[in-house]
Amino acid sequence: MQKVLITGSSGHLGARALEMLRSQYEVHAIVRTKPSTAYPDVGYHEIDLSHDWSASTLPGQMDAVIHLAQSRNYRDFPAHALETFLVNTASTARLLDYACQVGARRFVLASTGGLYQSCSTVIDEKTPLDPPQGNLSYYFRTKHSAELLAESYSALLDTTVLRPFFIYGPGQSSEKLIARLITSVRDGQPVQLAGGEGLKVNPVHVDDAAELIHMLLGVSGSRILNVAGPDVVSIRQIAEEIGRATGIAPVFERMYGAGDAIVADHRPASSLLGREMTRFSDGLRSLIK
């Protein structure tokens with residue numbers, strides 16, 4: 001049985017990926033602390049990626065490394081800038097070095113679709129990167145730096161960089177877009193809309209993203225892959241869909257300015273999956289139940 005090392009297994013995507021991988025691989029997980037509901041067939045390694053750490057306690061042989069972890073305090077700049085760098089960038093460097101040292105053949109890195117600016121056309125992997133300025137500027141640049149490090153190893157490992165766009169699904173933290181909108185509609189809080197419709201996106205269900213990671217471990221070659229869903233929806237449409245599912249009519253507040261769009265081409269990811277990705281209406285209904 002092949003060995004896989006994963007970070008970020010306590011996160012939304014990582015937890016689902018861990019569940020899927022256990023059935024086919026010998027899974028090892030880097031965790032800050034061993035979970036109280038630990039799987040008996042998973043090897044847990046207590047390492048805090050936000051500090052200086054060594055790979056000396058990790059297994060001496062590994063077939064694949066999946067780096068999904070990110071700093072919990074990535075929004076808090078500059079107070080947690082060093083922590084964000086250590087988790088997002090420095091740990092990528094250490095894990096890439098470890099992967100080469102122990103004979104791994106594949107490396108999967110979770111980056112972010114936020115490296116692209118909003119635009120009027122559909123984003124593909126050749127769209128120029130232009131990380132937005134503002135509070136998350138430092139976070140975006142640590143992710144971009146990690147991507148460049150992974151690319152440097154592409155002659156030695158099959159490296160895949162994933163750029164997810166608005167992952168949603170059961171177990172998602174409350175500050176994420178879809179979870180925030182569900183809370184707003186349920187609590188009767190105004191949903192703010194620019195240009196009458198608000199931002200247009202194509203969110204991806206967490207099960208699709210996790211299954212894609214599983215599939216990539218059996219596919220050779222290095223690549224950058226946008227991970228998005230099949231349906232383009234505006235903030236208004238999402239809130240209205242939530243309203244239909246909950247029986248609560250959303251309250252809207254129109255804001256100044258035009259609605260932006262951050263829409264990625266989902267077809268390359270869907271092709272790798274070998275199936276259609278989850279329709280947004282189906283994924284949202286399963287989330288609200």
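**Close-up views of a predicted model**

**View 1. Phe166 sits in the loop between strand S6 (158-164) and strand S7 (167-168).** Helices (H or I, at least four residues) and strands (E, at least two) are DSSP runs, numbered from the N terminus. This is a predicted model, in which local features need pLDDT of at least 70 and side-chain atom pairs count only at pLDDT 80 or more, while totals for chains, interfaces and linings use all residues. Residues are numbered from 1 along each chain as its sequence is written, and side-chain values use heavy atoms, with hydrogens and water left out. Phe166 is not a glycine, yet its phi is positive, at about 55 degrees. Most residues other than glycine have a negative phi. The relative accessible area of Phe166 is 27%, which makes the residue partly exposed. Here buried means under 20% relative accessible area, exposed means over 50%, and partly exposed lies in between (1.4 Å probe, protein chains only).

**View 2. A cis peptide bond joins Phe77 and Pro78.** Omega of this bond is about 5 degrees. Most peptide bonds are trans. Pro78 belongs to the loop that runs between strand S4 (64-67) and helix H2 (81-101).

**View 3. The largest nonpolar core holds 33 residues.** A nonpolar core is a set of buried Ala, Val, Leu, Ile, Met, Phe, Trp, Tyr and Cys residues joined through side-chain atoms within 4.5 Å. Ile6 and Ile66 have the most contacts inside the largest core. Helix H5 (residues 206-216) supplies the largest share of this core, six residues. Apart from it lies another core, of 22 residues, including Leu5, Leu49, Ala150 and Val161. Contact means heavy atoms within 4.5 Å. Not counting residues up to four places away in sequence, Ile66 touches Val4, Leu5, Ile6, Thr7, Leu21, Val108, Ile213 and Leu217.

**View 4. Helix H5 is largely enclosed by the rest of the structure, since eight of its 11 residues are buried.** The buried residues of H5 are Val206, Asp208, Ala209, Ala210, Leu212, Ile213, His214 and Leu216. His214, in helix H5, counts as buried at 17% relative accessibility. Beyond the residues up to four places away in sequence, His214 touches Met20, Leu21, Gln24 and Tyr25.

**View 5. Thr159 lies in strand S6.** Its relative accessible area is 4%, so Thr159 is buried. Apart from residues up to four places away in sequence, Thr159 touches Phe107, Ala150, Tyr153, Ser154, Gly221, Ser222 and Arg223. Thr159 and Ile66 are 93 residues apart in sequence, and their C-alpha atoms are 9.9 Å apart in space.

**View 6. Tyr44 is part of strand S3 (residues 42-46).** With 16% relative accessibility, Tyr44 counts as buried. Leaving aside neighbours within four places in sequence, Tyr44 is in contact with Leu18, Ala29, Val31, Lys34, Pro35, Ala38 and Tyr39. Tyr44 and Leu58 are 14 residues apart along the chain, and 9.6 Å separates their C-alpha atoms.

**View 7. Ser286 is located in helix H8 (residues 280-288).** Ser286 has 38% relative accessibility and counts as partly exposed. The C-alpha atoms of Ser286 and Pro170 are separated by 8.1 Å, the two residues being 116 apart along the chain.

**Context for the views. The protein chain contains eight helices and 14 strands.** Its radius of gyration is 19 Å, close to the 19 Å that the globule rule gives for 289 residues, so the chain is as compact as a globular protein of that length. This radius is taken over C-alpha atoms, and the rule is 2.2 Å times the number of residues to the power 0.38. The C-alpha trace spans about 55 × 40 × 35 Å along its principal axes. Buried residues make up 48% of the 289 residues of the chain. Among contacts in the protein chain between residues at least 6 apart in sequence, 75% join residues at least 24 apart.
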